[in-house]
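The following note sets out points on the structure shown below. Please read them alongside the sequence.

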Amino acid sequence: MKQYLKAKGNSVEHVDALHRNSDGRKWTFMEKLLLGLTPKEYLQQALKNPFNWILAVIFAIGIPIMIGRFIFGLSWVTHSSCDYPWGLFLGFGLFAMVPLSSSGFQLGTACEVFGRHDLEPIERLALLNGLLGYFFAVMFLLFDLGQPWRLPYPMIVAFGPAAVLFLVAWHVATYLSVQIAEVSQGFFEWMGWPAGKKAVRKITLGLTVSGIILSTLHQGALGALFTYAPGKVHPLWYSASFQWLHFFVSSIPGGLCMVIVVSTIAAKTMSWRFDDRFKTNLDKLTISLAKGATMGLATYLTIKLIGVAHDNKWEYIATGWGAWYVAEIMFGVIAPLAIFTYSIKNGKVGLIRFGAWLTVLGVVLNRLNTAMITFNWRLPEREIPHWREAIIAITLYSVYIVTYRFILYRLPIFYKFKTVEVPVEATAGVRETVSLIEENDLPDAACAKESISLSGRRLSGIETAN
Amino acid sequence: MKRRDFLKGCLMCSAAAAVGTGSKAQAAGSFEGYPDAMGVLVDLTRCVGCRSCEAACNKEQRLPEPDVPFDDTSVFEEKRRPTERAYTVVNKYETGQGEPVYRKIQCNHCNEPACLTSCFVNAYTKTKEGAVIYNPKICVGCRNCMIACPFNVPGYSYSSAFNPVVKKCIFCHDTRLKNGRPPACVEACPQEVLTFGKRADLIKLGHERIRETPTRYYDKIYGEKEVGGTGWLYLSSVPFDKVGFDTTLQNEPIISNVKDFLGMVPMVLAIWPALFTGVHLLSTKNKDGHDDHDDSHNGTGGH
C-alpha cells in the first residue's frame with residue numbers, strides 16, 4: 001500500500017469516515033474493505049508490496065503442511081517425543097505470545113482506570129495487540145492439542161479445578177471475550193453502528209477491571225504451570241515460590257515493548273494510516289510506554305535475582321547453563337534497562353525502539369528457555385523441533401501478521417474515525433438547538449461537508465455543557 | 001546467669017513449638033494414600049533382565065508387536081523409557097561393582113499423582129485399590145501430565161491422527177487389580193523380583209529385608225517418601241542414582257508446589273475489583289465531581 005500510494009501521489013482517498021470526503025456519499029462495505037480502492041487498484045497495490053510475495057511463498061509451503069497435521073496427526077509434524085511433549089507450538093506460540101499480549105490490560109488500565117487520557121491515542125493498538133496475541137496463542141494451542149475438537153471440554157464436559165491449566169483455559173477464554181468487546185468499539189465505528197459502541201462504552205470500566213484480574217492470574221498461571229515440573233526446568237529458570245511472579249512481571253515490559261515494536265513497524269510501513277493525532281503523539285507515547293517498561297524490567301531483574309538468592313542457586317551460575325542464563329538476563333533485561341534509562345532521559349526515541357526490540361526478544365528467549373531449551377536439562381539429549389513443526393509455526397505467525405495488518409489498515413486504530421453519528425441519535429430537543437444554532441450562526445452553509453462537521457463539533461460542546 | 005539460661009530455654013522451646021506446628025500444619029494438607037491401596041515391591045537385586053515382564057505386559061494390554069523380540073538383549077544397549085508401545089521397560093546399568101543391575105520402569109502409581117493434579121479435565125483417577133487410571137474419552141491431549149510426571153512415564157499415541165491418547169501402565173486395573181489379582185508382570189516374573197501386596201505391608205517387608213541382609217541392600221526404599229509416596233517401591237544394592245533413579249525429587253507431592261499460586265487466585269478475584277474500581281474513582285473524579293474523560297474516540301471532538 002505504501003509503495004502504491006507513493007506512485008499515486010495523494011489522489012487516493014482513505015476511508016476515515018462513514019461518508020466520502022469528495023462527494024459526501026456513504027462508503028459501501030465493499031469499498032471499506034478495499035480501502036476505498038477499486039478491486040483492480042486494490043490488487044495492484046497488493047502485488048506491488050514485496051512483503052506479500054514473501055508471504056505467498058510461506059503460505060504456499062506452510063498451508064499444505066498445516067492441513068497435513070490434521071490428516072496425518074502430530075507424529076507427521078513433530079518428533080513425537082514423550083520427553084518433550086511441548087514443542088514450538090506451546091513453547092513459542094503460547095508461552096511467548098501471551099506475555100507479549102499483556103499490553104491490552106495495561107493500557108486499558110492506564111486509560112480507563114487511572115484516567116491517563118494522554119495515552120489514549122495508542123490504547124486501541126494495545127488492545128488489538130492483546131486480542132490478536134491471545135487469539136493466535138489459542139490457534140497455536142489448537143495445532144498442538146492431540147484432540148483440538150475437545151478444547152471446550154474443560155468448560156462443559158469434565159472439570160479439573162485443581163489444575164493450573166484449568167484456570168488458564170477459563171481465563172484465556174473469558175479474557176478473549178473481554179478483549180473482543182474492548183476492541184469492538186472501533187469495529188462498530190467503522191461499520192457505523194453507534195448503538196453497539198455505546199453499549200460497550202457503558203461497560204468499559206467493568207471490562208477493564210476484569211481484564212486486570214484475568215491477566216494477573218493467567219500470566220502468572222502460565223508460570224505456575226512449570227512448578228509441576230520442578231526437576232525438569234533448570235533451577236535457574238525455576239522458582240517454586242516466585243515462578244508465577246516472574247512470568248507476570250516480565251509480561252509487563254513484554255507487552256508494553258511489543259506495542260512499541262508494532263508501532264515502529266507500522267510507522268515504517270503504514271504511516272499513511274496514521275492521523276495527525278497519532279503521528280504527533282507517537283514519540284511522546286513511546287517514551288511513556290518505555291517508562292512503564294523500565295519499571296517493569298527493574299522489578300523483574302530484582303525478583304529474578306531474589307529467586308536465585310532465595311533458593312541459594314548461585315553455584316549454577318558458574319556452569320554452562322549459568323552462562324546462558326547470564327546471557328539471557330544481560331541481553332534481554334539489563335541491556336534494555338540501560339538503554340531505556342539513557343534514552344528516556346535524553347529523549348532518544350530511536351534508541352528506545354531498539355531497546356523495545358531487545359526486551360521483546362528477551363521475553364521470548366526467557367519463555368523458550370523455560371519451556372524448551374533448558375527443559376529436561378538433566379537428560380543427555382536436547383530435542384530440536386521437526387522442520388514441519390517449525391514451518392507450521394512460521395506460517396501461523398505469518399497468518400497472525402496478515403490478520404494484524406488487515407485490521408490496522410481498516411479499523412480506526414491509528415486514526416480517529418470521523419463519525420457524524422450524533423445528529424442521527426440526538427434527541428429532538430438537541431436537534432432543535434442544533435438547527436437554531438445553524439440558522440443563527442450559519443445562515444448560508446457554504447458547503448454541506450463543513451456544516452456537518454461543524455454541527456458535530458457544536459453538538460459535542462452542547463453535550464458536555466449538559 | 002541462671003535467669004539468662006532460663007530465658008534462652010523459653011525462647012528455644014517456643015521456637016521449637018512454632019516449627020513443630022508449622023510442619024504439622026503443612027503435613028495436614030497432603031494425602032497419604034488410601035489405607036488399603038495395593039503396591040509392588042521391586043527388588044532390583046533379584047532381577048536378571050529376562051524381560052518376561054515386558055512380554056507379559058505387552059500381551060495383557062494388547063500392545064503392538066515390538067520391533068525387537070522380547071528375548072533379544074540388544075535392547076539393553078540403550079536406556080529406554082515407557083512409550084505408547086511399551087508400558088514397562090527394563091534397563092541395564094553397569095555399576096562397576098560386579099554384576100550389572102537391571103531396573104524395571106513403569107508407572108509408579110503415586111499416592112498423590114502429579115498427572116492427576118495437573119489434568120484440567122480430570123482424566124486421571126487414583127482408585128482405592130491403588131492404581132492411577134486414565135479416561136481416554138475426555139482427554140483433550142494437552143500433555144501437561146507428561147510434563148508433570150516426575151518419573152517421565154506417560155507416553156502419547158502421536159501417530160493416531162483422530163484419537164491420540166495417553167498410554168501408560170494402569171496396574172492392569174481393568175483386567176486384574178479390580179478383582180484382587182496381581183498385575184501380569186508380577187505373575188510372569190520368574191525371579192520373584194516383584195512382590196504384590198498392600199503398600200503399607202510392602203514398606204515393612206522392604207525394611208525387614210534391608211535389616212536381615214544389610215550387606216545386600218542400600219539402606220533405602222525408593223518410593224516410600226518420594227513425591228508423597230508411590231505405590232511401586234524399590235530396593236537396590238547400589239545407591240539409586242547409580243541406576244537411573246532421580247534422587248533429587250522432593251518428598252512433598254508435586255501439587256504442593258502449585259498450592260501457593262492456587263491459594264492466591266480467590267484472593268485476586270475478591271480483592272482486585274474493589275481495589276481497582278476504588279483507584280479509578282480516586283484518580284479520575286476531579287473537583288467538580290465530573291469525569292474528565294475526553295471521549296477521544298467518539299469522534300465528535302478534534303479534527
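1. Chain B contains seven helices and nine strands; helices (H or I, at least four residues) and strands (E, at least two) are DSSP runs, numbered from the N terminus. The model is predicted: local features need pLDDT of at least 70, side-chain atom pairs count only at pLDDT 80 or more, and totals for chains, interfaces and linings use all residues. Residues are numbered from 1 along each chain as its sequence is written, while chains are lettered from A and ligands numbered from 1 in the order in which they are written.

2. Of the 303 residues of chain B, 41% are buried (20 or more other C-beta atoms within 10 Å of the residue's own, with C-beta atoms placed from the backbone).

3. Strand E1 of chain B (residues 38-43) is largely enclosed by the rest of the structure, because six of its six residues are buried. One face carries B:Met38, B:Val40 and B:Val42, and the other B:Gly39, B:Leu41 and B:Asp43.

4. E1(B) pairs with two strands of chain B, a pair requiring at least two DSSP bridges. Strand E8 (residues 194-198) runs antiparallel to E1(B), with five bridges; B:Lys198 is the bridge partner of B:Met38. Strand E9 (residues 232-235) runs parallel to E1(B), with four bridges; here B:Leu233 partners B:Leu41.

5. Between the chains, 62 residues of chain A are in contact with 56 residues of chain B (C-beta atoms, placed from the backbone, within 7 Å). Helix H12 (204-224) of chain A is among the helices that each supply at least two residues to this side of chain A, and H12(A) gives the most, with eight residues.

Definitions and conventions: Buried ≥ 20, exposed ≤ 12 C-beta atoms within 10 Å, placed from the backbone. Contact = placed C-beta atoms within 7 Å.
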